[in-house]
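I opened this structure for a first look and kept notes as I went. Here is what I looked up, entry by entry.

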Amino acid sequence: AVMGTPVRPCVRWGGRSGWARPAYILRRKKRFGNFPPRRRATVHDGAVPTPASPWTDLTGTQREIVLALLRSGRLPRTRLMEIVGISPGSVTRLTTPLIEAGLLTTSTERVAGTGRPQSPLELRAEAEHVLGLALSNRAVTAVLTDLRADVVASSRVELPGHSPDAVLDAVAEAAAAVSDDVRPACAGLALGGSTADGRVVEDAGFYGWHDVPLARLAEERLGVPATIGNDLVALTGLEAWFGAGAAADRFALLTTGAGIGYGLVIGGEVVTSADAQLGLISNVPVPDGDRPPHAAPAMECLTSAALERAWEAEGRERATAHRVVELAREGDAAAVTVCASFARRLGRLIGMVAALTLTEQVVVAGERADLAALLEDQVMVGVSAVRRASARPLRVTVREHDRVEWARGAAVLALRERVAGRL
C-alpha cells in the first residue's frame, strides 16, 4: 500500500451522489467474511448492467456452502454439514441446483476400509474467471484468475501518466493481454487510495485523484461489472481466503516498501473501516535499539526511502533500497549493518502489532520483505525486544514481493462481490 506519499494536485470528478443501499443483508457465518451491502450496477447510472448470473438468486446457506468449498477445496458432505450446520437432506437439496448451474461438481468415491461410497463436493474453479488489476504509481499489473484465485494469465503495462484517461488506457491494455481468449465475469481494481462504496476513488494521493468514478469508467472500458478497493485491504482479503487464513482465523499483515501498510483478520474476517484505508500505522512511533531508545514514525524509519537515507548517512554513495539489500546479501559490511538495524526495527513493529491485537501470526509483504527474508534472525531479535519470553511463539511469515499477488488481491475483491451476488 502506498500510503503517506505526497499529495499531488487533485483531479476532481463531479460531485458525490447518494448510492442506494439494499435492505437485504446476506446471512453468513462469522468465518466466511463480512459482506456489507453494496449497490448493484444499473443502466440508469451508466454502469455495465449485471448479466444473468448463477450467483444472484442463491440463498444465504447456499452462499455459505460455496464459500466453504471455495476456501477449503473438496469437502466430504459430512464435513460440509458440520461447517454450515445443516442436515444431510439439506445438503442434497441445496447443492443440487448449484451442481446443475455448473458451480459445483461431485464424484463418487469409496472410503478405504469401509467400502462405503461417498460423493464429496468441490467448487468448479473454472466455472468463471475474474479479472484483477493492481494499480501502482508506475504500472498496472493484471491477472486473470479462476474462482480459486489461481492465476491463468498475467501482464504488466507501464503507466504513461497518472491522469484517469492514461491509467484507464493502461488498464484496458493490461486486461486485453490476459483475457484475449476468455471473457471474465467481473473485474476488481485495487490501488493505494480510499473508497467508501467500491465505486468512487475518494482520494489517491500518488495519482492526485479525488472523487474519480473509477468503477464506472473501468466498466465502460472493460465491458464487465467492476468494483474497486484499497490495495492493502485487497491483499489482506487474499491472505484471509487463500493464504494465512487457511490455517489461522486471526493474523496481521504488515507491508513495507514505498509506505507502511497494516491489515488485520479476526475470525476469518478482514477487519476494515474507512480508517483502514488511511495508512494510520504510518504515524505509529517505532523505537530503535539505542539506550535510551529513540522512536520515529514508521513512515520515517521503515520504508524504502528510510533505508536509502540510512545508507547515505553511512557516507556511502546514493543507491536504491533494492541495491542496498543486494549489497547486504553479497556481504558488504556497511550494508549488513544498515539492513540489520532496519530488520530489528521492523521486528519491534511486528511485536507491537502482535501485542496490541493478540495475534500469533504476522505476515510481512511488500518491496522490503526481501530484507526481512534475508535477515530473519534480526527481525526476531527485534520481536524479542518487545515481547515477553513467556508469551506464545510468534509466527512470522515473509511473502516474496510480487505485484501479481497484489493483482490477485484485486481479483478477490471482485470475487467476494460476485459470490455475494452483487457483481
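**Entry 1: a proline in a loop**

I began with Pro-292, which is found in the loop between β16 (285-287) and β17; strands are DSSP runs of E of at least two residues, helices are runs of H or I of at least four, and both are numbered from the N terminus. Before going further, I noted that this is a predicted model, where local features need pLDDT of at least 70, side-chain atom pairs count only at pLDDT 80 or more, and totals for chains, interfaces and linings use all residues. Residues are numbered from 1 along each chain as its sequence is written, and side-chain values use heavy atoms, with hydrogens and water left out.

What joins Arg-291 and Pro-292? I found a cis peptide bond there, with omega about 0°.

Next I looked up Ala-295, which sits in strand β17 (residues 295-297). Ala-295 has 41% relative accessibility and therefore counts as partly exposed (buried is under 20% relative accessible area, exposed over 50%, partly exposed in between, with a 1.4 Å probe and protein chains only). Leaving out residues up to four places away in sequence, I saw Ala-295 touch Pro-285, Val-286, Pro-287 and Arg-345; contact means heavy atoms within 4.5 Å. Ala-295 and Arg-345 are 50 residues apart in sequence, and their C-alpha atoms are 9.8 Å apart in space.

**Entry 2: two positive phi values**

I then checked backbone angles. Most residues other than glycine have a negative phi, and most peptide bonds are trans. Ala-149 has a positive phi, near 65°, and lies in the loop between β7 (139-145) and β8 (151-158). Is Ala-149 buried or exposed? Its relative accessibility is 2%, so Ala-149 counts as buried.

Leu-358 also has a positive phi, of about 60°. I placed Leu-358 in the loop between α10 and β18 (361-365), and at 65% relative accessibility it counts as exposed.

**Entry 3: helix pairs**

How do α10 (residues 333-357) and α12 (residues 376-386) cross? Their axes come within 6 Å and cross at roughly 45°; axes are lines fitted to C-alpha atoms, for helices over the stretch in contact, and angles run from 0 to 180 degrees between N-to-C directions. The two helices are therefore oblique to each other (under 35 degrees is roughly parallel, over 145 roughly antiparallel, 65 to 115 roughly perpendicular, and the rest oblique). The residues of this contact divide into nine nonpolar, four polar and two charged; Ala, Val, Leu, Ile, Met, Phe, Trp, Tyr, Cys and Pro count as nonpolar, Asp, Glu, Lys and Arg as charged, and the others, Gly among them, as polar.

I compared notes on α1 (residues 60-72) and α6 (residues 231-242), which pack at an angle of about 90° with axes 8 Å apart. That makes α1 roughly perpendicular to α6. Leu-67, Leu-70 and Arg-71 of α1 make the contact with Ala-240, Trp-241 and Phe-242 of α6.

**Entry 4: the cores**

Which residues touch the most other members of the largest nonpolar core? Of its 48 residues, I listed Ile-65, Leu-69, Leu-80, Trp-241, Phe-242 and Leu-415; a nonpolar core is a set of buried Ala, Val, Leu, Ile, Met, Phe, Trp, Tyr and Cys residues joined through side-chain atoms within 4.5 Å. Helix α13 (residues 403-419) gives the most to this core, with eight residues. Apart from this core lies another, of 39 residues, including Ile-260 and Phe-342.
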